[in-house]
Structures are given as C-alpha cells and as structure tokens.
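Work through the exercises below with the sequence and the model in view. Try each task before reading its solution.

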Amino acid sequence: MKGSAIGITGAVCLVIGFGAGFALRPVLSPVAASPAAVAGVAQPTEEEATAAVRRHRLFTGTSLANATLKLGDCSPGGVGPGVTCMTQLVMDPSRPNAAPQNRPIGFARVDGQWEVAVW
C-alpha cells in the first residue's frame, strides 16, 4: 500500500471513530448528576429547600415566609454539614421590584427535615 492510501484510510477511520463517539456519547456517558449526588450525599428537593428557607429567620429577625427559590447544582458542604446549593432566591416576591438573588445556600438534614445550615 502506498503512503497516501494509508493516510487516507487513517483519516477515514478517524472521522468514523469521532462520529461514532459523538453519536454514542449520550449512551456511554450520560449527563452527569450534581456533584452531591455523585458523592452519594443526600440533597433537598426544590420544595424541601423552599420550605427550609421559609422557616429560616435572618440574624436581623427578618422572616422569609414568602420567599421563592429555584434550586441549582448542589455539592457536598465545604463549610458545614450537608450540601451547598446554588439558588435563585426572591426574598419577598410581593414587593415591587423584587429582584432574584443568585447565591449559594447550605442545607443540612436535622431530625429528618432540611434546614438552612449556612446562609
């Protein structure tokens, strides 16, 4: 076989290999779960996290009874027990111009219930 035929064969094999890898990636390596789930650490559902935030009182005594929360990725807690999750939090959506805040919040399970661990 001549050198150019070997090069063409190699290039065709590479293209087929890359194409097959791209097509089979979702089957071989599905979208990864959150780091907390991969580490085997429990994490709250969005409803449990929202309930925990609504029960929490800020150090100023402010109640967050009307807060809304969207839960993002969670990872094992680095500062305290439980997990730290990225959240999009609106402290009081009934107020005019209430803007969402993107912030990490720590959650820990206490007596079978999720609580805010690190604000």
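**Exercise 1: A residue in a helix**

Task: Find which residues Thr50 touches, not counting residues up to four places away in sequence, and decide whether Thr50 is buried or exposed.

Solution. Step one: with contact taken as heavy atoms within 4.5 Å, and leaving out residues up to four places away in sequence, Thr50 touches Ala67 and Leu69. Step two: Thr50 lies in helix α3, where helices (H or I, at least four residues) and strands (E, at least two) are DSSP runs numbered from the N terminus. Step three: the relative accessible area of Thr50 is 12%, so Thr50 is buried, since buried means under 20% relative accessible area, exposed over 50%, and partly exposed in between, with a 1.4 Å probe and protein chains only.

Before going on, note that this is a predicted model, in which local features need pLDDT of at least 70 and side-chain atom pairs count only at pLDDT 80 or more, while totals for chains, interfaces and linings use all residues. Residues are numbered from 1 along each chain as its sequence is written, and side-chain values use heavy atoms, with hydrogens and water left out.

**Exercise 2: The whole chain**

Task: State how many helices and strands there are in the protein, and in which order the elements run from the N terminus.

Solution. Step one: the protein has three helices and four strands. Step two: read from the N terminus on, these elements follow the pattern α-α-α-β-β-β-β. Step three: of the 119 residues, 21% count as buried. Step four: among contacts between residues at least 6 apart in sequence, 40% join residues at least 24 apart.

**Exercise 3: The sheet**

Task: Work out in which order the four strands form the sheet, and which are the edge strands.

Solution. Step one: two strands pair if DSSP finds at least two bridges between them, and on this basis the four strands form an open sheet in the order β1-β2-β3-β4, with antiparallel pairing. Step two: β1 (68-76) and β4 (113-118) are the edge strands, each pairing on one side only. Step three: β2 (residues 83-90) and β3 (residues 101-110) pair over seven bridges in the antiparallel sense, and Leu89 has Gln101 in β3 as its bridge partner. Step four: β3 and β4 pair over five bridges, again in the antiparallel sense, and the bridge partner of Gly106 is Val118 in β4.

**Exercise 4: Positive phi in the loops**

Task: Find where Asn97 and Asp111 are placed, and say whether each is buried or exposed.

Solution. Step one: recall that most residues other than glycine have a negative phi. Step two: Asn97, although not a glycine, has a positive phi of about 60°; Asn97 sits in the loop between β2 and β3 and is exposed, with a relative accessible area of 79%. Step three: β3 and β4 form a hairpin with two residues between them, and Asp111 in the turn has a positive phi of about 50°. Step four: Asp111 is exposed as well, with a relative accessible area of 81%.

**Exercise 5: Helix against sheet**

Task: Identify the buried residues of helix α3, what covers them, and which residues have the most contacts inside the largest nonpolar core.

Solution. Step one: in helix α3 (residues 46-55), the buried residues are Ala49, Thr50, Ala52 and Val53. They cover an arc of only 160° around the axis, which puts them on the same side of α3; the arc is that of the directions from the helix axis to the C-beta atoms. Step two: the cover over the buried residues of α3 includes β1, β2, β3 and β4. Step three: a nonpolar core is a set of buried Ala, Val, Leu, Ile, Met, Phe, Trp, Tyr and Cys residues joined through side-chain atoms within 4.5 Å, and the largest one has 16 residues, those with the most contacts inside it being Val53, Leu69, Leu71, Ile105 and Phe107. To this core α3, β1, β2, β3 and β4 each supply at least two residues.

Step four: take Ile105, which is in strand β3 and is buried, with a relative accessible area of 0%. Leaving aside neighbours within four places in sequence, Ile105 is in contact with residues including Val53, Leu69, Leu89 and Trp119. Step five: Val53, not counting residues up to four places away in sequence, touches Leu64, Ala67, Leu69, Leu89, Ile105, Phe107, Val116 and Trp119.
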